[in-house]
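Visitor: I have a structure on my screen and would like to learn how to read it. Where do we start?

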Amino acid sequence: MSLFEAKNITKQFGNVTALDKVSISVPEKSIYGLLGPNGAGKTTLIRIINQITGPDSGELYLNGKKLMPEDVQTIGYLPEERGLYKKMKVGEQAVYFAQLKGLSKSEAMRRLKYWFKKLDMVDWWGKKVEELSKGMQQKVQFVTTILHEPKLIIFDEPFTGFDPVNANTIKNEILFLRDRGATIIFSTHNMGSVEELCDNITLINKAKTILEGSVDEIRRQWAANEYEIVFSGNVSMKSNGQYKILDHQYDNDKSTIRLKAEKDIPVNELIQNALKSGSIISFNPALPSMNEIFIRVVESRN
Amino acid sequence: MNKISVIIAREYITRVRKKSFIIMTILAPVLMAALMVVPTLLMMNEDKDFKKIAVVEDGSDLFKNVIPDTKDADYIYLENTDIKDLLKTYEQAGYYGILRISPELVNTRNAIWLYSKQQPPIGLLDHISGSLEKEIERQKLLAYDIKNLDNILKDVKTDVSVQTIRIDESGQTKQTNTGIAMALAYIGGFLMYMLVFMFGAQVMRGVIEEKISRVVEVIVSSVKPVQLMMGKIVGIALVGLTQFLIWVFLTMGIAIAVKSTILKDKNVTEIAQSMPQNMMSENTAQTGSPTQTAEVSPQLAEFSRLFDNAMNQDWLLIILSFIFFFITGYLLYASVFAAIGSAVDNETETQQFMLPVTIPIILGLMVAMGTMQNPESSVAFWFSIIPLTSPIVMMARIPFGVPYWQLAISMVLMVVTFLAFVWMAAKVYRTGILMYGKKTSWKEMLKWLRYNG
């Protein structure tokens, strides 16, 4: 069942159409990727979900009910451009944002203590934000985003500014939140993290949805009968009527061959063919990366 | 807890805790008190710049010793001295300058010269001409050979002081004082201008800060933009009121403390003379014990009369109107400032929007200052009705008496206008705070008014 649904959202700014009948449906307890080139309309959609602006037409549903202004309490939002008051102390600021999300002061303090301990931030409590490094500020903002235990969390480029260690910590926290029952909308340009984290995606380009579905399915659809075979030793295969060799590499006494099969050729036949060429270490369907799909889809539309 | 009150609390607490706020709050009354006390102290101390002036006549002694010494200068009459010799030696002899009088002065008004290195102060010249005019008058009168001239002169000497009495709507009369009304008009108008401008600009800076640091996007995902805007405006209004009240109490406290210690045993008249008029009346009230009144009677009696007159002002009306016009005027301008702050990316960009906002405020202040000369003029009337200038101009008019119907029209228009401005500002603000990297124009802002929320 969908935790969040947006139906036929349209939004115009003057003569510019930012969103044109965009629909998304986010299953509960999943991570949903919102992808698209710069200026596609992602931020506008996120702002509409956060009720920062309203759509010109279209409907929004949370838990099957119409999205209401009070629902901001159950949504957490980490904007792409992070913002904290520079001159304010970290602890006070975290409490302030929690209060704006409807937590009482004492409850906010209790939860903040837990998170500051968990993410190794206890020493920062009395410091001013401007004294922290950018990555540290990001961490503070991450905590303020999830503190009120939102059912729906929106992360806009959550990993930028983090070193690999902290990026990994945050990634694990995101997965932990999902396992505890949160639903996550995740907007990014980093396709590696999409493959790693997202269950479903929507790709928006020029205000319109051009691709949507589960990540695995989309990759399979775009796979287009490509396979990767690894042989031991220096082995070569030649294109014939059944398949076409795309790539051939040899190193470490291993040969990696990529081929594209003609339609309706059974996989077993391909394997038999390959066996004739040498001893196989592995045989895999070569799924295109989300990066490739992204570029191909967007470029074909432009 | 209501979210808007969380915002108000943050805006208030972070500002009140700032070092600059604390320093300003404490220092301003000290400076204000110093402004009043220092001239007094200076006057009571001996004048360091004491002058000696040589007086010579061109071959006569008509004006021998007619110029009395003052505490600033001695006038030393030198007989049979040649001006040419004296010009060479006067500095060594310690003279500030030489006053040369020709006997022709009786008939020719400018047959008198003061030689000095520096440009002499106006008070000195007034003293000289005043003394000589009196002497020449006396001598001319003497020429008529009237008996008992001195007595007659003493008898005819008069002094006129017009008492002003205001008749209020119910026909009751009150003794008033134009000077006090003017002082109140000045203070009321100027304070209104200062407070509205100062705290309005703070709202703008706060909005820009939130926009630049991108905090605004996080906050408006929790509360409505209009809540954030109003929370900020109200929070800063409370900061303003707090500062104002502390100033009032501290200034009063310092004034009382200074008077009861430093100025206690000095001559009360001198102190009073050096004070601005409104302060004089306050002093009188506080030091006006019967014994002192007796000691320094005429002046102090005058001050206590002034004080009574000041008390006859309709204080309740003035204070209530001030609070009303401060709140509505501040809300009006602060909402415009908030809208401007939301439309720009940094503080330098505000320049192009500031001028149209500053013009009515400055115009209001100028009209208010003119109002003191002629509170009934049609300029004063219209500017005290038009909402953009009415807070300042009306405060300048009230001490002179304003018909209630005019006050009512002004207030109603003010409320209607400030509501309209807050509504429009909220619409511009809502769009502006999320717009980046775009040069905004007035035209653009008008377009935002039509966007959906």
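Guide: We will go from confidence to chains, then to domains, helices and single residues.

Visitor: What kind of model is this, and what scores does the predictor give the complex?

Guide: This is a predicted model. The complex gets an ipTM of 0.76 and a pTM of 0.71.

Visitor: What is the mean pLDDT of chain B?

Guide: pLDDT is the predictor's confidence in each residue, from 0 to 100. For chain B the mean is 79, and 81% of its residues reach 70 or more. Look next at residues 265–297 of chain B, where the pLDDT is below 50. Beyond near neighbours in sequence, that stretch has 53 contacts in the model.

Visitor: How many helices and strands are there in chain A?

Guide: Chain A has nine helices and 14 strands. Its C-alpha atoms fill a box of roughly 70 × 45 × 35 Å along the principal axes. Of its 302 residues, 36% are buried.

Visitor: And what is in chain B?

Guide: Chain B has 18 helices and six strands. It holds 453 residues, and 32% of them count as buried.

Visitor: Which domains does chain A have?

Guide: The domain assignment gives domain 1 (2–219) and domain 2 (224–301). Their C-alpha centres lie 39 Å apart. The contact takes 12 residues from domain 1 of chain A and 10 residues from domain 2 of chain A.

Visitor: Which elements give two or more residues to the domain 1 side?

Guide: They are helix 6 (191–197), strand 9 (200–205), strand 10 (208–214) and helix 7 (215–223) of chain A. The domain 1 side has nine nonpolar, one polar and two charged residues.

Visitor: Now a single helix. What span should helix 3 of chain A have?

Guide: Count 1.5 Å a residue. Helix 3 (residues 105–118) of chain A has 14 residues, so it should span 20 Å. Its end C-alpha atoms are 20 Å apart, which agrees.

Visitor: Which residues of helix 3 of chain A are buried?

Guide: Ala108(A), Leu112(A) and Phe116(A) are buried. They lie on the same side of helix 3 of chain A, because they cover an arc of only 60° around the axis. These buried residues pack against helix 2 of chain A. On the other side, Ser106(A), Arg110(A), Tyr114(A) and Lys117(A) are exposed.

Visitor: What follows helix 3 of chain A?

Guide: Asp120(A) follows, and its phi is positive, near 65°.

Visitor: Let me try chain B. Which residues are buried in helix 15 of chain B?

Guide: In helix 15 (residues 378–385) of chain B, they are Ala380(B), Phe383(B) and Ser384(B). Their arc around the axis is only 100°, so they sit on the same side of helix 15 of chain B. What covers them includes helix 14 (351–371), helix 16 (390–397) and helix 17 (404–432) of chain B.

Visitor: Now single residues. Is Gln227(B) buried or exposed?

Guide: Count C-beta neighbours. Gln227(B) has 20 inside 10 Å, so it counts as buried. Gln227(B) lies in helix 8 of chain B. Leaving out residues up to four places away in sequence, Gln227(B) touches Lys3(B), Ile4(B) and Ile7(B). Gln227(B) and Ala426(B) are 199 residues apart along the chain, yet their C-alpha atoms are separated by 9.2 Å.

Visitor: Where does Thr242(B) lie?

Guide: Thr242(B) lies in helix 8 (residues 225–261) of chain B. Thr242(B) counts as partly exposed, because it has 15 C-beta neighbours inside 10 Å. Thr242(B) is 230 residues from Tyr12(B) in sequence, and 9.8 Å from it in space, C-alpha to C-alpha.

Definitions and conventions: Residues are numbered from 1 along each chain as its sequence is written. Chains are lettered from A and ligands numbered from 1 in the order in which they are written. This is a predicted model: local features need pLDDT of at least 70, side-chain atom pairs count only at pLDDT 80 or more; totals for chains, interfaces and linings use all residues. A residue is buried if 20 or more other C-beta atoms lie within 10 Å of its own, exposed if 12 or fewer, and partly exposed in between; C-beta atoms are placed from the backbone. Helices (H or I, at least four residues) and strands (E, at least two) are DSSP runs, numbered from the N terminus. The arc is that of the directions from the helix axis to the C-beta atoms. Two residues are in contact if their C-beta atoms, placed from the backbone, lie within 7 Å. Domain bounds come from an automatic or database domain assignment. Ala, Val, Leu, Ile, Met, Phe, Trp, Tyr, Cys and Pro count as nonpolar, Asp, Glu, Lys and Arg as charged, and the others, Gly among them, as polar. The expected span of a helix is 1.5 Å times one less than its number of residues.
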